[in-house]
Amino acid sequence: MCHKSVTYVVTDLSEEDYQEYYNGFANRVLWPILHFRLDLAEFARRDLTGYMRVNDHFATKLEKIIEPDDLIWVHDYS
């Protein structure tokens, strides 16, 4: 998808990837610590594994189209 000088790449995630990446690590670890709410952080190794797997998925999709001077924004909202 392209809009002016912005190209959008949309990719689907499996239910497991969504749960571990978004509902898991992103919302249970990253969101709390980046909003100074360490008391809400809940780390699970499974969620970290899913987070890393999904980031690898994003990188694989992007490596096919990016140029050296491109700026990449990964938007994780569903």
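Q: A salt bridge is a side-chain nitrogen of Lys or Arg within 4 Å of a carboxyl oxygen of Asp or Glu. How many does a search of the whole structure find?
A: The model is predicted: local features need pLDDT of at least 70, side-chain atom pairs count only at pLDDT 80 or more, and totals for chains, interfaces and linings use all residues. Residues are numbered from 1 along each chain as its sequence is written, and side-chain values use heavy atoms, with hydrogens and water left out. For salt bridges, the search of the whole structure finds five.

Q: In what order do the elements of the protein chain run from the N terminus on?
A: Helices (H or I, at least four residues) and strands (E, at least two) are DSSP runs, numbered from the N terminus. The protein chain has two helices and two strands. From the N terminus on, they run β-β-α-α.

Q: What share of the 78 residues of the protein chain counts as buried?
A: Buried means under 20% relative accessible area, exposed over 50%, partly exposed in between (1.4 Å probe, protein chains only). Of the 78 residues, the buried share is 19%.

Q: How many residues apart are R53 and D17?
A: R53 forms a salt bridge with D17, and their closest N and O atoms are 2.6 Å apart. The pair links distant parts of the chain, with R53 in helix 2 and D17 in helix 1 (residues 15-34).

Q: Is E20 buried or exposed?
A: E20 also meets R53 in a salt bridge (2.8 Å, N to O). This pair too links distant parts of the chain: E20 sits in helix 1, R53 in helix 2, 33 residues apart. R53 is partly exposed, with a relative accessible area of 32%. E20 has 5% relative accessibility and therefore counts as buried.

Q: What is the relative accessible area of I66?
A: I66 lies in the segment after helix 2 (45-63). I66 is partly exposed, and its relative accessible area is 38%.

Q: What percentage of the contacts with a separation of 6 or more joins residues 24 or more positions apart?
A: Contact means heavy atoms within 4.5 Å. Among contacts in the protein chain with a separation of 6 or more, residues 24 or more positions apart account for 57%.
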